[in-house]
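Subject: Structure handover

Hello,

Here is the structure we spoke about, for you to open alongside this email. My notes on what was found follow below it.

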Amino acid sequence: MRASSTRFARRTAVLAVAAVAAAGLAVTDASASAPRTTDVRLIALNDFHGNLTPPSGSSGRVTLPDGTTVDAGGAAYLATHVRQLKSQVRNSMLLSAGDNIGASPLNSALFHDEPTIELLNSLGAKASVVGNHEFDEGYRELLRMQFGGCHPEDGCQFRDSYKGAKFPFLGANVFFDNGAPAALPFTIQVSGGVPIGIIGVTLEDLPLVVTPEAVEGLKFGDEVEAINRSSRLLDKLGIRTQVVLMHEGDNTEGGGPDDCNTVPGPATTIAQNAAPAVDVIFTGHSHQQYNCTIDDPAGNPRTLIQGSSFGRLLSVVDLKIDKRARDVVRDQTTAHNEIVTRTVTPDPDAQALVDEATTKSAPIANAPVGTITTDLVRAAPESGESPLGDVIADAQLAATQANDPVIAVTNPGGIRTDLAFAGSPAGEGDGVVTYGEAFAVQPFGNIMQTITLTGAQLKAVLEQQWQPQPDGSVEVRILQVSSTLHYTWSRSAPIGSKVSDITVEGTPVDPNGSYRVSVNNFLAAGGDGFSEFQNGTDLVGGPVDLDAFTEYLTANPDLAPPPADRITVAP
């Protein structure tokens, strides 16, 4: 990747020159007759995932403080809200905290997410951090998304050419194996006559949530170290106003868009330790809504905010900047999450883009593949077992029967949205499932694989659903399992000893026995922290997970949610 490294080194050098020029411009503007402060509005989205069409089901709703919900999202509505927010404050800019692309619905994914980048270009996005899904098709495809050019295999299918993103992809903690930077660490934007440094960092554990091939030749460093290193450089260049776009986030215990009911996690820990010069931290990855104030290491409050996912919220932070000091008056910062309601007039340009992508993908997207009797949702009760997860695991077991599996297991993060009875928001409510709707649920194109695990290894896999984090929190990822696997987990038992009463096809698991287990290639490679799968033997390949899902839907018309009896919770 030497050429890629050289290209980024050249871009970084240009960036440094631009930073110095920007700093000089700011000093010139701060004349004696000018106002002491200037207002700057930062507008950020995160985890858009190519949701050009308004997302359906729970993926298209925002929960309010009282527990009620409001429909939200859709590119044309998002564009209207962005333009309205910009019109309210002269000095405004749009940013992204990553995962703009990847795991996208068909009308974006079919064209390798080029329509989504075109949308962000049209909205005037100024910068985005790279999320884990920016790496779904590998580093070279990430470069193509940034710099343009037709896809090496599929060509330019959306339009005659693709010119790339007009905004930089940032990653201060992304390196090649030789230590050279693999992404720009920051960019500088001048707004209100003041230079603003925008630092991008993605999650250090990114290799755990993508396939190994996607990040081959790359490594990901500590987020705090990367932020602080970039902050010091910006400070040397005279850039005092500093913003972080971070593709890492916390989970929450409910609440509305502007509540701070977070479960302290990696984002809070990073915010508590990142350089005091950083004034705002936009977060992503966890698909949660929160608006928090966290004290920096110097004891000064700063905003830590995230805007859910799929374009349902826009995180808005209003800064008041001292033009002489070129720094934020921190105690005058205000922030809120703006709901992207569907009651506004859709932006005509954005709607035209969505219509173009939808029309071009329609012959494939609109083909019916099955019927359901009610919504199949991915939301789960305390047990972690979801109706849609049950169906997908059953589908994967059925699709790999040639490999003699007795159970199938899938990761919840691979289930991207609900399968709604009404289909899209404009659906007729007839229960017909189209290929496009199925694709939105399972968009990764993972390959099914069947491996042999011992009973002891199977238990170890299930114990890895509770993963201790460096900050003392516990990440819980409950795997979705086929109807042939049952077990109980305990609330009070210690990590490593939570799972008991495991049965396969009604028979207690023998620790020394052998069991054929079907999983996707992401899990087989130890993805999402399930490293025990890597100890499996006798690997045999199978179909694409989406094909397994659609074939199961076709073979089982009028599909209803299975009984929720696979995972039991004990005290």
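How many bridges join strand 21 to strand 30, and do these strands run parallel or antiparallel? Two bridges join them, and the strands run parallel. Please keep in mind that this is a predicted model.

Strand 30

Within it, Thr-452 stands opposite Arg-516 of strand 30. Strand 30 itself spans residues 514-520, and six of its seven residues are buried, so the rest of the structure largely encloses it.

Helix 4

Helix 4, residues 114-122, is likewise largely enclosed by the rest of the structure, because seven of its nine residues are buried. Those buried residues are Glu-114, Pro-115, Thr-116, Ile-117, Leu-119, Leu-120 and Asn-121. Gly-124 follows the helix and has a positive phi, near 75°.

Surface charge

On the surface there is a patch of negative charge, formed by Asp-136, Glu-137, Glu-153 and Asp-154. One of these, Asp-154, lies in the loop that runs between helix 5 (139-147) and strand 6 (169-170). Is Asp-154 buried, partly exposed or exposed? The relative accessible area of Asp-154 is 36%, so this residue counts as partly exposed, a class that lies between the cut-offs of under 20% for buried and over 50% for exposed.

Regards

Technical notes
Residues are numbered from 1 along each chain as its sequence is written. This is a predicted model: local features need pLDDT of at least 70, side-chain atom pairs count only at pLDDT 80 or more; totals for chains, interfaces and linings use all residues. Side-chain values use heavy atoms; hydrogens and water are left out. Patches are made of residues with over 30% relative accessible area and no salt bridge: like charges are joined within 9 Å, nonpolar side chains (Val, Leu, Ile, Met, Phe, Trp, Tyr) within 5 Å. Accessible areas come from the Shrake-Rupley method with a 1.4 Å probe; for residues, only the protein chains shown count as cover. A salt bridge is a side-chain nitrogen of Lys or Arg within 4 Å of a carboxyl oxygen of Asp or Glu. Lys and Arg count as positive and Asp and Glu as negative; His and the chain ends are not counted. The place of a charge is taken as NZ of Lys, CZ of Arg, CG of Asp or CD of Glu. Helices (H or I, at least four residues) and strands (E, at least two) are DSSP runs, numbered from the N terminus. Buried means under 20% relative accessible area, exposed over 50%, partly exposed in between (1.4 Å probe, protein chains only). Two strands pair if DSSP finds at least two bridges between them.
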